[in-house]
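The following report describes the structure shown below. It takes the chains in turn and then considers individual residues and the confidence of the prediction.

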Amino acid sequence: MSYPFVRNQIRQWAAADFALGGVQFFDSINRVISPPHDSIWATVEFDPASDSILDFCGAHLSTGVADFIFAGPPNVGDSAVLAAADTCIWYLMQRGNSALTLAYAHQPEEFSNGTADHNYRIYVAVEYRFVFVPPKPTPPLARRDSNAGRN
Amino acid sequence: MPAATNTKGLTICITKGAAAPVNLTPTAISKARPAVVTVADVGTIKAGDLAMPVGTGFAELDGKIFVVGTPGVGTFPLMGSDTTGSTGTLGGTPKIEVDGDANLVCECFSEFSINRDAPEAIEAGTFCDPTLTVASAVAPAGTFEFTGNVNKDDPGYAELLKAEEDGLQREMKVTFPQGNGYVVAPITVTLVSWAFALDTSVQFTGAGTFNSKPKHVYDDSGATSLLMGHNGGPTMAGDQARAPGNMPPPPPPAAGAAMAR
């Protein structure tokens with residue numbers, strides 16, 4: 001699990017940038033999706049790696065990986081999926097701001113063991129670095145004293 | 001009581017070069033530990049502010065940096081001071097220069113170290129004993145080094161750049177967490193540089209000198225005292241006996257309030 005800001009920002013970037021590569025992006029985490037069977041599509045999942053404190057002002061550094069999974073039609077080889085992934089990841093890697101940096105992308109890996117099932121899948125792991133100061137949490141609702149009003 | 005405290009909550013602040021301190025005129029200063037200053041009105045000063053007595057006639061106080069303890073009505077203690085055995089009498093134009101939070105900027109260092117060396121031996125060789133040395137009783141005030149992450153929007157970083165440029169003396173206050181007091185010293189920032197490596201934050205590094213030795217001051221009061229008036233005679237009033245550990249909370253850092261920096 002990663003911080004919501006990281007997940008939402010990366011999903012937002014991917015949705016916009018992957019379209020430039022002709023790939024439809026789906027947010028599939030805890031959602032029922034209906035991806036196409038005849039074209040390349042992608043989704044993402046997140047793996048946190050480390051957390052550390054950066055300075056005496058309370059800044060944190062959280063690192064992790066966004067695993068982008070690219071799926072394509074079966075029985076057509078791997079070239080089209082790999083090319084689409086290259087393009088999409090290139091666009092994505094141009095993104096970044098003062099809080100969230102996409103440090104680098106790993107080389108593509110097989111996600112479906114190279115077999116031809118209903119989808120052929122690869123994934124590209126993108127390393128992220130998130131620097132932030134933990135915001136003050138929203139105060140929880142006032143808890144009622146369970147003994148209030150009792151003798 | 002735990003034997004060690006985490007550095008979480010520790011703050012390192014320096015006075016701004018352009019900041020003008022609030023000047024208070026003492027009408028009496030006690031001979032006690034800590035010394036208690038009597039003024040007509042304490043105004044807006046509060047516990048934790050930096051205070052430098054000037055022209056008070058107390059050699060133990062003049063030109064040195066202290067931390068204001070909890071102010072009373074018209075009085076405030078100088079945490080870290082000790083005038084118990086002083087022979088000083090209040091001078092003709094004494095003042096206490098006070099720097100509050102508005103005059104300070106806190107630094108978002110990732111590392112800060114104080115370097116102090118033992119006193120050096122003084123060579124005193126003679127024909128009879130060419131190797132003779134005498135131990136110096138005076139230790140150098142020392143130096144410090146720091147590291148942090150570059151952020152042009154951080155007022156602390158900007159102040160460091162100014163400090164190196166103007167070479168002016170500033171006052172430093174390190175506030176230890178859990179009421180463990182403060183380390184205070186006059187400083188001059190002598191160097192700011194930068195370091196960068198692949199896939200890390202862009203960092204600044206730097207160094208400076210202590211213009212007098214850094215001092216750890218904390219609330220260890222409890223003694224009563226005599227107040228010395230302008231004529232050097234005793235006056236009525238006592239120190240604020242404050243419970244140990246009843247320290248004010250450290251001020252929040254000036255920078256880093258935003259979600260992302």
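In this predicted model, 36% of the 261 residues of chain B count as buried. The secondary structure of chain B consists of 1 helix and 19 strands. Among the contacts in chain B with a separation of 6 or more, 69% join residues 24 or more positions apart.

Chain A has 151 residues, of which 30% are buried. It contains 2 helices and 6 strands, and from the N terminus on these elements follow the order α-β-β-β-α-β-β-β. For chain A, residues 24 or more positions apart supply 63% of the contacts with a separation of 6 or more.

**The helix pair of chain A**

How do the two helices of chain A, helix 1 and helix 2, cross? The axes of helix 1 (residues 4-20) of chain A and helix 2 (residues 79-92) of chain A come within 8 Å, and their crossing angle is roughly 130°. Because of this angle, helix 1 of chain A is oblique to helix 2 of chain A. The crossing of helix 1 of chain A and helix 2 of chain A is right-handed. On the side of helix 1 of chain A, the residues that meet helix 2 of chain A are Trp13(A), Ala14(A), Asp17(A), Phe18(A) and Leu20(A). Their counterparts in helix 2 of chain A are Cys88(A), Tyr91(A) and Leu92(A). Sorted by class, this contact of helix 1 of chain A with helix 2 of chain A has 7 nonpolar, no polar and 1 charged residues.

**Two buried residues**

Val133(A) lies in the segment after strand 6 (120-132) of chain A. Val133(A) counts as buried because it has 21 C-beta neighbours inside 10 Å. Along the chain, Val133(A) and Cys57(A) are 76 residues apart, and their C-alpha atoms are separated by 8.2 Å.

In chain B, Gly148(B) belongs to strand 13 (residues 143-149). Gly148(B) has 27 C-beta neighbours inside 10 Å and is therefore classed as buried. Which residues does Gly148(B) touch, not counting those up to four places away in sequence? Gly148(B) touches Asp55(A) of chain A, and in chain B it touches Glu107(B), Cys108(B), Phe109(B), Ser110(B), Tyr157(B), Gln203(B) and Phe204(B). Gly148(B) and Ala59(B), 89 residues apart in sequence, lie 37 Å apart in space, C-alpha to C-alpha.

**Backbone features in loops**

The peptide bond from Arg33(B) to Pro34(B) is cis, with omega near 0°. Pro34(B) is located in the loop between strand 3 (26-31) and strand 4 (36-39) of chain B.

Positive phi values are found in two residues that are not glycine: Asn75(A), with phi near 65°, and Gln178(B), with phi of about 60°. Asn75(A) is placed in the loop between strand 3 (60-72) and helix 2 of chain A. Is Asn75(A) buried or exposed? Asn75(A) is exposed, since it has 6 other C-beta atoms within 10 Å. Gln178(B) occupies the loop between strand 14 (170-175) and strand 15 (182-195) of chain B. With 15 other C-beta atoms within 10 Å, Gln178(B) is partly exposed.

| Residue | C-beta atoms within 10 Å | Class |
|---|---|---|
| Val133(A) | 21 C-beta neighbours | buried |
| Gly148(B) | 27 C-beta neighbours | buried |
| Asn75(A) | 6 other C-beta atoms | exposed |
| Gln178(B) | 15 other C-beta atoms | partly exposed |

**Confidence of the prediction**

Chain A has a mean pLDDT of 88, and 89% of its residues reach 70 or more. For chain B the mean pLDDT is 85, with 84% of its residues reaching 70 or more. Over residues 222-261 of chain B the pLDDT is below 50, yet this stretch has 99 contacts in the model beyond near neighbours in sequence. Where pLDDT is low, the predicted coordinates should not be read in detail. For the complex, the predictor gives an ipTM of 0.79 and a pTM of 0.79.

Methods. Residues are numbered from 1 along each chain as its sequence is written. Chains are lettered from A and ligands numbered from 1 in the order in which they are written. This is a predicted model: local features need pLDDT of at least 70, side-chain atom pairs count only at pLDDT 80 or more; totals for chains, interfaces and linings use all residues. Helices (H or I, at least four residues) and strands (E, at least two) are DSSP runs, numbered from the N terminus. A residue is buried if 20 or more other C-beta atoms lie within 10 Å of its own, exposed if 12 or fewer, and partly exposed in between; C-beta atoms are placed from the backbone. Two residues are in contact if their C-beta atoms, placed from the backbone, lie within 7 Å. pLDDT is the predictor's confidence in each residue, from 0 to 100. Axes are lines fitted to C-alpha atoms, for helices over the stretch in contact, and angles run from 0 to 180 degrees between N-to-C directions. Angles under 35 degrees count as roughly parallel, over 145 as roughly antiparallel, 65 to 115 as roughly perpendicular and the rest as oblique. A crossing is left-handed if the near helix is turned anticlockwise from the far one by less than a right angle, and right-handed if clockwise. Ala, Val, Leu, Ile, Met, Phe, Trp, Tyr, Cys and Pro count as nonpolar, Asp, Glu, Lys and Arg as charged, and the others, Gly among them, as polar.
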